[in-house]
Amino acid sequence: MTEIDMTERRVVRIGRMALRLVQVNFKARDDSALGRFWAEALGWGVSSEGPGVTNVEPVGFDWPDPTAVCVDVVTVPDPETVKYRAHLDLATTSAAHQAELVARLKELGATPADVGQGDVPWTVLADPEGNVFCVLEPRPIYQDTGPIAAVVVDCADPRAMARFWDEAMDWTLHEVSDDHARLRSAKGVGPYLEFIRTAGEKTVWTRVHLDLLPYRGDDKAAEVARLQTLGATLADVGQGDVPWVVLADPEGNEFCVLGRA
């Protein structure tokens with residue numbers, strides 16, 4: 001199958017349930033400090049739903065809304081250092097903006113990171129707890145996404161991941177090839193979700209994962225069962241008795257299905 005451009009496609013799911021990507025979850029040693037970093041990095045605000053949890057979202061944001069994928073930072077006892085399979089790409093509007101943003105992020109505590117990227121036009125940084133992210137050079141496709149251009153997931157098979165996540169969520173599949181797949185909210189707003197072919201297998205649990213939310217009126221248990229028919233499996237990351245369900249996609253990436261909004 002050749003690469004296809006599905007920008008104009010509109011996914012209609014009559015009589016079906018679907019989920020939406022509402023936030024990226026970071027495990028942290030200090031949720032408050034890391035949350036402040038990301039709030040400053042994105043120009044957003046912070047709030048907290050309880051001890052050990054810092055929510056980072058646009059000021060005045062009415063969660064959930066497809067215009068933004070928020071960041072939840074959660075303190076855990078031992079967030080070990082691992083090779084992360086998910087990271088954020090930040091958008092810029094000009095070369096000057098990219099340079100200014102990189103300089104500001106370093107002042108906030110980010111450090112240069114070498115992940116074998118070589119000579120590329122984007123800048124790879126690590127946040128104060130070592131989570132790698134990229135500050136992209138200006139790209140027209142990301143000019144209306146907000147500060148987060150894309151949530152990027154490394155994978156072995158972008159086509160297989162596109163099939164799963166296109167069915168799992170109500171987002172629109174825009175393009176897919178052997179090396180890359182890209183989805184976005186069906187409303188055409190907010191960041192993209194991208195899957196990039198990358199060598200190397202997942203051997204440990206990840207500190208960064210996706211959180212999905214059913215629509216009001218949809219049943220979480222039914223959604224979990226539907227995801228399992230698509231190839232997801234139940235996952236135990238030591239979560240204990242919690243109101244959300246932890247699953248793994250067909251390549252083993254953990255994600256959560258939250259309760260209803």
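A search of the whole structure finds 2 cavities of 30 Å³ or more, a cavity being a set of points on a 1 Å grid over the protein atoms alone where a 1.4 Å probe fits but cannot get out. The model is predicted, with local features requiring pLDDT of at least 70 and side-chain atom pairs pLDDT 80 or more, while totals for chains, interfaces and linings use all residues. Residues are numbered from 1 along each chain as its sequence is written, and side-chain values use heavy atoms, without hydrogens and water.

The largest cavity has a volume of about 90 Å³, taken as the space filled by probe spheres set on the points. Its lining (residues with an atom within 4 Å of a point) comprises 13 residues, and Ala-86, Val-153, Leu-210, Asn-253 and Glu-254 lie nearest the centre. By class, 7 lining residues are nonpolar, 3 polar and 3 charged. At least two lining residues come from each of β14 (208-214) and β17 (254-257); β14 gives the most, with 3 residues.

The protein chain contains 4 helices and 17 strands, assigned as DSSP runs (H or I, at least four residues, for helices; E, at least two, for strands). Of its 261 residues, 50% are buried, that is, under 20% relative accessible area with a 1.4 Å probe. Among contacts (heavy atoms within 4.5 Å) with a separation of 6 or more, 64% join residues 24 or more positions apart. The accessible surface of the chain is about 12000 Å², of which carbon and sulfur atoms account for 54%; the areas come from the Shrake-Rupley method with a 1.4 Å probe.

Conventions
1 Å grid on protein atoms, 1.4 Å probe; cavity = no way out; pocket = protein on both sides within 12 Å on 5 of 7 lines; lining within 4 Å. Nonpolar A, V, L, I, M, F, W, Y, C, P; charged D, E, K, R; others polar.
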